[in-house]
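User: I'm new to this one and would like a walk through it. Could you take my questions one at a time?

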Amino acid sequence: MTLPTIIGDPACDDILRWLDAHSVTLSLGLPAQLLHKRWAEAGREPAQLGSSLQRLFDEDWVALTPGREPVHLRFTVEGFRRLIDITAAPPAAAAAAPATSPPPAAPDPAGVAAAQRSHLSELRLRNDILGVYRELRLKADSRLIGMTLSRYWQEMGNRAGDLRTGLDVVVRDGLLLPRLIGMDRYWQLTPDGEAWLLGPVTPEVLLQLAPPLADVAPAPTTEVAHRLVARTLAGQAAGAAFVPYERLQSAWAYASSFDDNALLTGLDLLLKHGHASLDAAAGNGFALNERGRAFAGEETPRFSKLLAKLSRVLGSNP
């Protein structure tokens with residue numbers, strides 16, 4: 001992802017981005033120890049940090065957080081306003097339209113990515129939103145202020161209006177939690193959200209199987225979807241044979257009260273946790289491995305209550 005230039009100095013720009021991404025709150029700011037760590041990880045000379053910070057102090061971008069031990073660094077009010085204005089502004093090239101039409105351009109990676117996002121689904125929104133947390137290497141309980149998340153979202157080429165729907169999806173799934181701190185809304189990564197990030201990236205096959213985005217319907221948490229789909233797959237599997245997606249889809253519709261989005265969530269988690277494998281050549285078939293079969297057979301009190309509730313609901317439907 002190409003990030004916009006902020007003040008034209010790469011070292012200062014990095015400090016401002018780290019401050020924006022990792023501040024605990026706007027008023028508290030970023031621990032200086034974390035800033036030193038990110039500076040070292042970026043391979044920059046330790047001696048240059050002081051001069052870069054001095055420029056940011058002199059130009060009223062940042063200030064020390066009063067009364068904090070250990071030392072914290074935060075944006076000044078004016079610095080944060082300028083950051084918003086700069087990162088939200090359209091590129092200069094886009095603002096100045098050419099006098100004549102340019103020759104047709106060859107397809108570029110950005111165009112390919114836009115075409116891939118044309119098939120918008122809950123699964124793709126979940127991947128794009130949590131992809132920001134993965135890129136920043138955030139852990140459970142880490143928070144992103146909504147304004148920062150929105151900027152990353154638009155830099156990825158997504159429509160701003162889809163972010164609201166995507167947040168509804170990941171909050172419903174138990175992967176993010178909304179937090180209001182003062183006047184600022186943050187989105188906090190849950191332990192289930194961190195577990196989702198630690199697994200492999202969702203395969204493109206699943207993204208293509210996902211139904212187009214509609215109204216966000218009630219759905220189980222990711223933990224419950226994981227177990228329900230494991231049970232459904234175990235009931236359809238003959239030994240280690242791959243179960244085609246269409247057959248699994250029919251079994252899911254018969255055995256649960258949830259839609260295909262929940263089925264794909266569960267399949268994604270089975271792959272992320274190493275409980276199953278996917279064979280696209282076998283009708284997009286899925287097969288549980290030994291660990292997956294053991295997981296499907298586990299009993300937990302909360303899951304047993306859910307199964308009983310589902311049985312009552314399904315039994316009351318003609």
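Predicted model: local features only at pLDDT ≥ 70, side-chain atom pairs only at ≥ 80, totals over all residues.

User: In what order do the 3 strands of the open sheet with S4 sit?

Analyst: Strand S4 (143-145) and strand S5 (176-181) are the edge strands, each with a single partner, so one side of each has no neighbour in the sheet. The pairing is antiparallel, and the twist averages 30 degrees from one strand to the next. Put together, the order reads S4-S6-S5.

User: Which residue in S6 is the bridge partner of Arg143?

Analyst: S4 pairs with strand S6 (residues 184-189) in the antiparallel sense, over 3 bridges. Arg143 has its bridge partner in S6, and that's Gln188.

User: Which helix lies across S4 and S6, and at about what angle to S4 does it run?

Analyst: Look for the helix made of residues 146-155, which goes by H8. H8 lies across both strands, and its angle to S4 is about 80 degrees.

User: Is Asp13 buried or exposed?

Analyst: Asp13 belongs to helix H1 (residues 10-22). Beyond the residues up to four places away in sequence, Asp13 touches Thr5, Ile6, Ile7 and Gly8. Its relative accessibility is 4%, and the cut-off is under 20%, so Asp13 counts as buried.

User: How far apart in space are Asp13 and Ser52?

Analyst: Along the sequence, 39 residues separate Asp13 and Ser52. In space, going from C-alpha to C-alpha, the distance is 9.5 Å.

User: Which element gives the largest share of the largest nonpolar core?

Analyst: That core has 25 residues, and Leu267, Leu270 and Phe286 have the most contacts inside it. Among the elements giving two or more residues are helix H12 (222-236), helix H14 (260-272) and strand S8 (285-288). The largest share is 6 residues, and it comes from H14.

User: What does Leu270 contact, leaving aside neighbours within four places in sequence?

Analyst: Leu270 is one of the residues with the most contacts inside the core. With those sequence neighbours set aside, its contacts are His226, Val229, Ala230, Leu233, His275, Ala276 and Leu288.

User: How many residues are in the other core, the one with Leu120?

Analyst: This core lies apart from the largest one. Leu125, Trp153 and Leu167 are also among its members, and the count is 23 residues.

Key
Residues numbered from 1 in each chain as written. Heavy atoms only, no water. Pairing = 2+ DSSP bridges. Helix = DSSP H or I, 4+ residues; strand = E, 2+ residues; numbered from the N terminus. Axes fitted to C-alpha atoms, helices over the stretch in contact; angles between N-to-C directions. Contact = heavy atoms within 4.5 Å. Buried < 20%, exposed > 50% of the residue type's maximum accessible area, 1.4 Å probe, protein only. Core = buried A, V, L, I, M, F, W, Y, C linked by side-chain atoms within 4.5 Å.
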